[in-house]
Amino acid sequence: MTFQPVVPFSGVAGWSFLNRTREAQEAAFQASPSLERQVAYFEDNIGKITSAQDLVDDRQLLQVMLGAFGLDDDINAKAYIREVLDQGTLEPSSLANRLTDKRYLAMSEAFGFDLDPPNTQLSAFPAQISELYRGRQFEVAVGNSQPDLRVALALERDLPALLDRGLSDEANWFTSMATPSLRPVFEKAFALPITVATLDVDRQLEIFREKAQAFFGDSTVAQFSAAEIMDTLRDRFLAQSGL
């Protein structure tokens, strides 16, 4: 049986409880036999894979790959995933580079099927993807009872990763607005109506910048690299989620 994390509260109180118990709960979750079997199969077999077609033909490997990047729901979109992986990321016109959801870009870049040899042949690769998968699956398990806490956990990983890419502020905002783990944080923290998503994307950018300036005194995404400002963003999100 897979251990299910216990978080009896939502909002800021739930986050506080999760932080106090996270180490023990995550360790228990990671020791679940079903998760151990999935990870062991991936680590034992991914080195045999040299093409995107081979990978999508193995459902167990595909499940771990997609889960490592938060794309679990795409498990049946084999042709689409194969195309993303085959085209890779080296060409600006590749599918992964053109998609607004940058999880596909991260996945395609990680596996490197446009390289010779692909990254699946590197000795450290299996453990790297397994670690991502374990972390994501813990987030999913938390989200089964507290969806907003799953988003808060993902924020800790995805916003610093975005800022580490060294993009322009405009690109940071557009990427944030297109990333499923980041957009709801900003929308709720800024108390935006869901109808804002129907506006022209340039107008959305203006609104996000205006709200950031109003609430935090700075219109840039880069400000959230400071831990205390990130904490305030997360707490605003969780407080608004509880309303």
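Residues are numbered from 1 along each chain as its sequence is written, and side-chain values use heavy atoms, with hydrogens and water left out. Because the model is predicted, local features need pLDDT of at least 70 and side-chain atom pairs count only at pLDDT 80 or more, whereas totals for chains, interfaces and linings use all residues.

Aromatic contacts were assigned from ring geometry. Rings of Phe, Tyr and Trp (for Trp, the six-membered ring) pair if their centres lie within 6.5 Å; such a pair is stacked if the planes are under 30 degrees apart, edge-to-face if they are over 60 degrees apart, and tilted otherwise. Under this rule, 14 aromatic pairs are counted. One of them joins Tyr-80 and Tyr-104, whose ring centres are 5.8 Å apart and whose planes stand at 85 degrees, so the pair is edge-to-face. Helices (H or I, at least four residues) and strands (E, at least two) are DSSP runs, numbered from the N terminus. Since Tyr-80 belongs to helix H5 (residues 78-87) and Tyr-104 to helix H7 (residues 103-111), the pair ties together parts that are 24 residues apart in sequence. Accessibility was classed by relative accessible area: buried means under 20%, exposed over 50%, and partly exposed in between (1.4 Å probe, protein chains only). Tyr-80 is partly exposed, at 33% relative accessibility, while Tyr-104 is buried at 10%. A stacked pair is formed by Phe-111 and Phe-113, with 6.2 Å from centre to centre and 20 degrees between the planes. Phe-111 is buried at 0% relative accessibility, and Phe-113 is also buried, at 12%.

The ring of Phe-215 has the charged end of Arg-236 over it, at 4.1 Å from the ring centre; a charge sits over a ring if NZ of Lys or CZ of Arg is within 6 Å of the ring centre and within 35 degrees of the ring normal.

Helix packing was described by axes, which are lines fitted to C-alpha atoms, for helices over the stretch in contact; angles run from 0 to 180 degrees between N-to-C directions. Helix H10 (residues 169-178) and helix H12 (residues 201-216) have axes that come within 10 Å and cross at roughly 100 degrees. H10 and H12 are therefore roughly perpendicular to each other, given that angles of 65 to 115 degrees count as roughly perpendicular, under 35 as roughly parallel, over 145 as roughly antiparallel and the rest as oblique. Contact means heavy atoms within 4.5 Å. On the H10 side the contact involves Asp-169, Glu-170, Trp-173, Phe-174 and Met-177, and on the H12 side Val-201, Asp-202, Gln-204, Leu-205, Phe-208, Arg-209 and Ala-212. By class, the contact of H10 with H12 comprises seven nonpolar, one polar and four charged residues, where Ala, Val, Leu, Ile, Met, Phe, Trp, Tyr, Cys and Pro count as nonpolar, Asp, Glu, Lys and Arg as charged, and the others, Gly among them, as polar. Helix H10 also holds Asn-172, which is buried at 5% relative accessibility. Apart from neighbours within four places in sequence, Asn-172 is in contact with Leu-162, Leu-163, Leu-167 and Val-221.

Gly-11, Val-12 and Trp-15 of H1 meet Arg-234, Asp-235, Leu-238 and Ala-239 of H13, a contact with four nonpolar, one polar and two charged residues.

Two backbone features were noted in loops. Most residues other than glycine have a negative phi, and most peptide bonds are trans. Asp-116 and Pro-117 are joined by a cis peptide bond, with omega about 0 degrees; Pro-117 lies in the loop between H7 and helix H8 (125-143). Ala-191, a residue other than glycine, has a positive phi near 55 degrees. Ala-191 is located in the loop between helix H11 (183-189) and H12 and is partly exposed, at 48% relative accessibility.

Ser-94 occupies the loop between H5 and helix H6 (95-98) and is buried at 2%. Beyond neighbours within four places in sequence, Ser-94 is in contact with Gln-87, Gly-88 and Thr-89. By contrast, Asp-44 in helix H2 (residues 33-45) is exposed, at 58% relative accessibility.
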